[in-house]
Amino acid sequence: MALIVGAALAIALAIVSWKAGDPGASARAALAGASAGEVMDGAVVGDAVRASMRAARSGTYTVTLDSITNRGSFVANDAGGFDQELRMGDDEGVTMRIRDTVYIRGMGGDKERWAKAGPGSGAAGSFYRSLMAKALGPELMFSVLERSPATVESLSSAGTTLRSRLDYADILNDTLAPNQGASTGVVAPQPTDVTLVLDARGRPMTFTMVNATGTTVTTYSGWGSDVRIEAPPADLIDPIR
């Protein structure tokens with residue numbers, strides 16, 4: 001029965017893709033038509049998940065590492081990505097990414113002011129923009145998926161579970177090297193096991209990474225909720241040079 005449901009969904013998504021010329025819909029069709037044990041291009045899986053999340057438009061998530069839990073939210077923007085906000089456990093530290101500009105509250109110990117890294121920022125600002133473009137909320141999931149094949153572990157009418165393995169340090173080093181030089185700040189290898197669980201609509205439920213550092217679990221919910229992410233007041237912003 002699950003295979004019949006999956007095949008029907010794949011056909012429906014393929015028709016939508018053909019009519020709209022939407023590569024995201026093509027990826028969703030490929031994922032919906034996958035079989036247990038199949039090894040998929042991680043980038044295709046990422047495109048499928050991104051398309052499903054954009055269809056929902058917005059949502060919330062928590063990121064838990066050991067006993068620390070941070071809370072985030074996101075909303076699709078007109079640039080094809082997501083505007084995001086991540087609040088640290090005590091709410092004293094907040095990071096926002098609005099299109100290609102990053103705002104960080106509490107940097108340097110001041111809990112009222114925001115540091116800003118946007119287009120035209122110097123080396124330090126460029127570093128933060130690059131890091132948050134790959135490591136904040138859903139973007140981390142997409143960065144991981146595009147770097148390694150993903151194996152379909154199980155699928156049913158309720159959803160799909162995929163597994164992958166990669167060196168997580170590659171993501172950080174790609175950010176560090178262009179901004180600090182390959183000889184400084186390079187992160188040691190971190191072999192990482194990844195598990196992604198999707199719901200019946202192809203949206204992420206949990207994204208788990210396990211390596212020597214610990215286990216990080218990102219849990220998604222609140223699909224379609226009222227999420228508003230707006231830039232801080234101009235008089236509280238300090239540009240990062």
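Trainee: What average pLDDT does the chain have?
Mentor: The chain averages 83, and 85% of the residues score at least 70. pLDDT is the predictor's confidence in each residue, from 0 to 100. This is a predicted model: local features need pLDDT of at least 70, side-chain atom pairs count only at 80 or more, and totals for chains, interfaces and linings use all residues. Residues are numbered from 1 along each chain as its sequence is written, and side-chain values use heavy atoms, without hydrogens and water.

Trainee: Where does pLDDT stay under 50?
Mentor: Over residues 1-21. Where pLDDT is low, the predicted coordinates should not be read in detail.

Trainee: Why is Glu139 called buried?
Mentor: Buried means under 20% relative accessible area, exposed over 50%, partly exposed in between (1.4 Å probe, protein chains only). Glu139 has 8% relative accessibility, so Glu139 counts as buried.

Trainee: What makes Glu139 and Arg50 a salt bridge?
Mentor: The term needs a side-chain nitrogen of Lys or Arg within 4 Å of a carboxyl oxygen of Asp or Glu. Here N to O is 3.9 Å, and the pair qualifies. Glu139 and Arg50 sit 89 residues apart. Arg50 is partly exposed, at 23%.

Trainee: How do you know that Asp78 and Arg99 pair?
Mentor: Their closest N and O atoms are 3.0 Å apart, a salt bridge. Their loops lie 21 residues apart in sequence, so the pair ties those parts together.

Trainee: Is Asp78 buried or exposed?
Mentor: Exposed: its relative accessible area is 69%. Arg99, at 36%, counts as partly exposed.

Technical notes
Contact means heavy atoms within 4.5 Å. Helices (H or I, at least four residues) and strands (E, at least two) are DSSP runs, numbered from the N terminus.
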